[in-house]
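Here is a short tour for anyone who likes to read a model with the sequence alongside. Keep both views open as you go.

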Amino acid sequence: MRTHRSLALVGAAAVLVAGGCSGGASTDREPTVVEESIIDRMAEPSDDSASVEETEAARNEFVSACMAEEDLEYLGPPEAPSMIEWLGLTEEQFGAEYGFGHATTIDVFMVYEAFAAGEFEEYQTALEALPAADREKYVTRERECLQQSYAEFGFPRNGTVVLPNDSPIHEYTMHASEATAGDSRITEVTEAWSACMLEQGYDFADRDEMGLPLQQEAEAFKSAYASQGQALVDAGSTWEALGAADVLDAEQLAELEDLQQRELAVAAAHRQCIDAGHDIESVYSEVYDEHLADAAGS
Amino acid sequence: MRRFKFPPVKRLMAVMAASAVGFVATFAVAAAPAEAVCYGRGDGATLTRTYNGHVVAVERQASGTCDGDNIYNGQLRDPYTDGYSARARYNEQGYNAIVAYASSNTWVDYRFYDQDGNSFAEIQIYSSPASRPSYYINTWGY
């Protein structure tokens, strides 16, 4: 069992700045010892020497060992592939074939949801089989171990972080998000992206203006597909056998196809602008890391 | 002990920027049965979804919801302008659906009613298809 950084770091962190907070799950309480270590970890530069997969595998080993200290067998993490991985595609391939994945995934999303829920079933069954007291002990310890893992490995680059509502850590991540949104580098790359999109006939100030209306329109079709298709599934069909053409009426299908074509066209223009160097995602990620580290190191 | 303070100027700029971006389609929250994250009664956790190292969705329970009444009152927000809203999906005994959407950094309230009366379910928050491994978090005691 490795020594937790937190133990070595106790008392090392003395700084501080007078307090203020920004809504959300803010708190007036002081960080715990483990939270102090997490904050110190956030101040360190990102470690690119290990892949995301290697880091998460190491995290799982760490949590498993941490749980074993309390004679608990780690059941998690309860995860399944993303839809993109499930389809066997890279993000680029997914973008080319499905655009943003809004209206274009209507034929596969119910199959994916059933798959994902099924993947989780075994874990859920095992956990719910525990007596209430043991279940509480399990999840309480799991939370402690996950927090220790954040101090050891940092937050997952692509995952879910679980912290108490009143953790001061939320103030740091909230600040990093807000500071990044207001950073001149984000303004610049967004304006350049917007100009690039305009050259292709699309007038969007930012990516939400581009994607959210498409998502909202798509949700109406997906909802109709799910509710109308459920009757057919209840009658013996399967989601695998049911495409949108088998479920929606002619008018719905015509409108859906129009939406899908619009989505794919906008997504193609968006990809073109990324290829032209206007990649907001990469700039945002870099700037966010910087703001988070600055806040944690102050 | 340290406590973080938001730099006043930067914070103001961030708020102004967020307002300027403006377009905030806060979708209606389905008034359907659902649930969210408590760890036993009287305690709660906040879920922060990361993608490429930064935050794309945050979920927490509203104050006092971890009271064992089988009603989960949650809040969701989307701090990232990426073209996708933040979503909260619940899974429980055959029930699997998106219960809440948020498209801005302002908290959106939502409610989930337990499906089988055991005050126990799983929640998943995400944004884009790429930011969505099916990682459910257990919650009970709401």
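## About the model

This is a predicted model, in which local features need pLDDT of at least 70 and side-chain atom pairs count only at pLDDT 80 or more, while totals for chains, interfaces and linings use all residues. Residues are numbered from 1 along each chain as its sequence is written, and chains are lettered from A and ligands numbered from 1 in the order in which they are written.

## Two domains in chain A

Chain A is divided into domain 1 (15–183) and domain 2 (186–280), with bounds that come from an automatic or database domain assignment. Taken over C-alpha atoms, the centres of domain 1 and domain 2 of chain A are separated by 28 Å.

Where they touch, 15 residues of domain 1 of chain A are in contact with 22 residues of domain 2 of chain A; contact means that C-beta atoms, placed from the backbone, lie within 7 Å. On the domain 1 side, α6 (109–129) and α8 (169–181) of chain A are the elements that give two or more residues. The largest share of that side, four residues, comes from α6(A). Helices (H or I, at least four residues) and strands (E, at least two) are DSSP runs, numbered from the N terminus.

## A helix pair in chain A

How do helix α10 (residues 207–234) and helix α12 (residues 250–275) of chain A pack? Their angle is about 150°, and their axes are 11 Å apart. That makes α10(A) roughly antiparallel to α12(A), a label for angles over 145 degrees. The axes are lines fitted to C-alpha atoms over the stretch in contact, and angles run from 0 to 180 degrees between N-to-C directions.

Among the residues that meet are A:L214 and A:F221 in α10(A), and A:L256 and A:V266 in α12(A).

## A closer look at A:E97

A:E97 is found in helix α5 (residues 91–98) of chain A. Because it has 14 C-beta neighbours inside 10 Å, A:E97 counts as partly exposed; a residue is buried with 20 or more other C-beta atoms within 10 Å of its own, exposed with 12 or fewer, and partly exposed in between. A:E97 and A:L259 are 162 residues apart in sequence and 15 Å apart in space, C-alpha to C-alpha.

## Chain B

Chain B has one helix and eight strands, and follows the pattern α-β-β-β-β-β-β-β-β along the sequence. Of the 142 residues in chain B, 61% are buried.

Conventions. Angles under 35 degrees count as roughly parallel, over 145 as roughly antiparallel, 65 to 115 as roughly perpendicular and the rest as oblique. Two residues are in contact if their C-beta atoms, placed from the backbone, lie within 7 Å.
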